[in-house]
Amino acid sequence: MRVPLSWLAEHVDLEPGARGVDVAAALVRVGLEEEGLHTAGITGPLVVGRVLDLAEEAQKNGKTINWCHVDVGPEHNGPEGNRGIVCGAHNFVEGDLVVVALPGAVLPGDFAIAARKTYGHVSDGMICSSKELGLGTDHDGIIVLSQFLPGVEVTPGQDALALLGLAEETVEVNVTPDRGYCFSIRGVAREYAHGTRRPVAEVLRDPVAVDVPLPSGPGYPVRLADDAPLRGAVGCDRFVARVVRGVDPTRPSPRFVADRLRQAGMRSISLAVDVTNYVMLATGQPLHAYDLDTLQGELVVRRARAGEELTTLDGVRRTLHPEDLLITDEVPGDPSTSRVLSIAGVMGGASTEVSATTTTVLLEAAHFAAVGVARSARRHRVPSEAAKRNERGTDPTICAQAAELAVRLLVEHGGGTPDPGATDVGGPAARTAITMDAGFPERVVGVRYDAGQVVAALTEIGCEVAVEGTSLTVLPPPWRPDLVGRVHLVEEVARLSGYDEIPSVLPPAPAGTGLTPAQRARRSLARALADDGFVEVLSYPFVAPGVHDAQRIPDGDARRDALRLANPLSEQQPLLRTSLLDSLVEPVRRNVSRGLRDLAVFEVGSVTRPRPGTGPAEVLGVEGRPSEEELDRLRAAVPPQPLHVAGVLTGTRRRPGVVGDSFARTAEPAGWADAIDAARTVAASVGVPVAVEAAERAPWHPGRCARITTRQGHTVGYAGELHPGAVAALELPARAAAFELDLDVLLDQVGASPQVDSLSGYPAATQDVALVVDAAVPAASVEAALRSGAGLLLEDVHLFDVYTGAQVGEGRKSLAYALRFRARDRTLTAEEASGARDAAVAEAVSRTGAVQRA
């Protein structure tokens with residue numbers, strides 16, 4: 001909302017010397033957010049000039065220009081007592097007073113004025129039109145002040161910025177949804193009074209404090225026929241209509257109305273339309289003007305019917321929804337003649353629009369249900385100024401006063417005559433009182449407010465307060481539909497008493513045990529992956545339906561059962577991911593497309609796995625707290641959302657390194673082994689031993705995929721190289737590798753924090769052993785057997801070589817392990833180490849059919 005200071009000063013006493021920044025500070029003090037301070041955007045000298053003479057000169061391009069000498073005052077004239085200016089307009093004559101932008105001035109649009117040679121002359125300034133100064137859209141002729149400001153005496157050299165109101169400051173504030181009354185000068189003036197800590201009754205001049213004459217007869221017929229209220233509230237509970245006849249359609253809007261509309265960010269259109277906008281900005285009550293001669297019968301306020309359409313004022317043909325509240329007209333007694341005139345509270349229709357030939361105007365000032373207006377405005381994407389106010393709730397008690405203000409302006413400036421009759425049907429609903437203990441604000445805010453302060457603050461904002469002991473019965477003012485509970489009243493007490501009076505107290509940290517084991521584990525795994533060269537990313541959990549096809553996930557796989565959003569941010573991505581890889585490939589693809597092909601990224605996040613047979617959660621009302629049964633149904637409808645960690649590797653994993661004067665190694669591309677190592681790193685970081693075995697699972701390569709399991713046999717996830725078909729469909733580099741683990745399964749295995757044992761000071765004994773097994777036997781199975789058979793002396797087992805070839809036979813492989821033994825209380829003998837090795841080998845032979853290689 002933009003508020004010109006001069007307009008604000010008409011309705012509230014500004015503090016002496018108050019400027020825009022002071023007004024904004026006062027409004028911020030009571031909770032309104034400052035958006036900015038504005039002027040017309042003109043800097044530099046803009047003065048009044050008198051045309052001394054002008055000579056028409058025809059140009060070769062067919063254009064005729066005027067070479068003028070203009071008196072711009074002694075302070076600004078050149079040595080010859082004037083300035084020569086070239087002007088292309090022809091709507092002025094010698095002796096006219098005009099507006100001149102002198103060199104150094106900057107007009108709206110960053111249009112700098114300078115002396116320059118044009119059409120054979122040096123033009124020392126510019127004679128301005130309304131459009132060039134941002135005062136309107138007229139660019140056909142320049143401003144002649146005797147016509148623009150009739151009756152105003154001006155002299156050459158006078159400051160035109162102040163004369164035209166272009167130097168005035170406008171304060172812009174952001175109006176939150178609960179403060180709709182501040183979408184008006186009336187509301188902002190009240191808040192300014194609060195912000196300066198002065199009684200409203202002493203400094204405020206309410207724009208709706210006008211006498212509405214009693215009608216001498218019936219007005220234009222109006223019928224409220226809303227037969228389908230939303231949430232039990234009728235769409236329109238009050239409708240005021242006034243008629244003004246004999247309006248001169250050629251009369252322009254008065255200068256102060258056009259100026260204030262411009263300063264508020266609206267354009268001047270015509271007298272009737274400008275009057276309705278002006279009154280709306282002043283009072284907060286939207287109005288609509290109809291050309292009465294285009295109406296065919298009584299006005300009927302009703303819901304839309306199937307198939308009805310309306311061409312609105314913006315020229316768009318709109319198909320109406322049964323929830324839309326409409327203003328229609330029909331011949332009395334003949335419903336078949338019903339015609340849609342406007343979407344109530346949102347936008348009018350083109351068929352009854354006030355035009356350049358309108359002489360009889362019907363003014364509408366009505367109170368509409370906020371929810372219905374909000375839904376219609378969003379349904380049809382019409383964020384009109386009227387809708388902004390109606391959807392936040394307007395004051396139902398000022399409809400007649402707002403209509404009276406508009407009638408007076410049309411009579412005064414349009415020469416019209418009001419009908420003696422008036423229409424006022426319906427009436428505002430009874431306001432609901434709120435009961436509150438006088439000590440409640442203190443308990444909520446933590447600041448001492450005595451009962452007198454509470455009553456005074458609530459009375460100051462317009463509430464009616466009845467006191468009975470320590471109990472207060474508060475009736476909110478009609479312009480504050482947001483005050484519906486005790487906490488809302490507490491906020492009013494706090495902000496009027498001053499937010500700056502509320503101390504900033506740092507609450508003491510409660511005693512506790514710090515992070516949970518699961519939280520510590522999450523941090524540890526993220527740190528371990530980062531230390532291993534991975535970069536953490538966050539991707540949106542929304543995916544396209546085709547992502548599972550691209551990953552070659554088979555039909556019937558649970559990962560295809562994705563939850564579809566009712567209101568997705570993008571229609572192209574309406575599903576919630578069932579796997580982190582669904583969304584993680586998007587940042588990988590984006591980076592690769594921008595030339596970064598060597599990637600190692602990971603993400604920790606939730607996936608959504610809907611339960612079979614569960615539908616969407618029911619939508620509960622807001623009338624009260626849900627019952628336990630309703631909460632149980634809501635919880636049952638929420639799908640499981642396990643926590644996963646996933647990573648993708650592409651390109652080069654290890655670049656060539658330099659040692660001394662030579663390369664230490666060649667570049668190593670990222671592969672399936674790196675993905676498996678990353679999965680092992682995750683498990684090791686949280687202290688959970690895992691086993692790795694060959695597996696097949698989309699989207700991984702069937703021959704280069706590993707299943708990661710715990711010692712208890714629970715599947716944690718998969719790792720390996722992605723399938724070439726999936727890589728191509730996902731537009732990833734060839735041989736891309738990935739892993740994904742279910743952290744919920746992994747973290748369930750995290751027990752108490754491991755205790756550090758004392759280190760042995762005795763030397764280790766290392767024994768190597770090579771075992772030949774069938775090629776299908778997993779190395780993890782052989783390692784598990786060695787660990788089991790070696791006993792307590794075994795400290796570590798490490799696979800350091802895998803060999804296949806003629807020496808071990810077809811379909812066989814040789815696995816070479818390094819076994820490290822150590823005792824805590826002595827140095828092991830060679831016999832003890834060899835005995836432990838032999839026991840380990842025997843167990844491997846028994847379990848896996850291994851043969852020790854000589």
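This is a predicted model: local features need pLDDT of at least 70, side-chain atom pairs count only at pLDDT 80 or more; totals for chains, interfaces and linings use all residues.
View 1. The structure holds 5 aromatic pairs. Here is one of them: the ring centres of F256 and Y278 lie 5.6 Å apart with the planes at 85°, so the pair is edge-to-face. Distant parts of the chain are linked by this pair, since F256 belongs to helix α7 (residues 255–263) and Y278 to helix α8 (residues 271–283), 22 residues apart. Look for W7 as well: W7, F256 and Y278 form one aromatic cluster.

**View 2. F534 meets F739.** With centres 6.1 Å apart and planes at 80°, the rings of F534 and F739 make an edge-to-face pair. This pair also joins distant parts of the chain, 205 residues apart: F534 is in the loop between α15 (517–531) and β28 (535–536), while F739 is in strand β40 (residues 737–742). Both F534 and F739 are buried.

**View 3. R486 over the ring of F440.** Here you can find the charged end of R486 sitting over the F440 ring, 4.0 Å from the ring centre.

**View 4. Helix α19 and the glycine that follows.** Helix α19 covers residues 672–685, and its 14 residues should span 20 Å at 1.5 Å a residue. The end C-alpha atoms are 20 Å apart, which agrees. Buried residues of α19 are D674, A675, I676, A678, A679, V682 and A683. After α19 comes G687, which has a positive phi near 75°.

Key: Residues are numbered from 1 along each chain as its sequence is written. Side-chain values use heavy atoms; hydrogens and water are left out. Helices (H or I, at least four residues) and strands (E, at least two) are DSSP runs, numbered from the N terminus. The expected span of a helix is 1.5 Å times one less than its number of residues. Buried means under 20% relative accessible area, exposed over 50%, partly exposed in between (1.4 Å probe, protein chains only). Rings of Phe, Tyr and Trp (its six-membered ring) pair if their centres lie within 6.5 Å; planes under 30 degrees apart count as stacked, over 60 as edge-to-face and the rest as tilted. A charge sits over a ring if NZ of Lys or CZ of Arg is within 6 Å of the ring centre and within 35 degrees of the ring normal.
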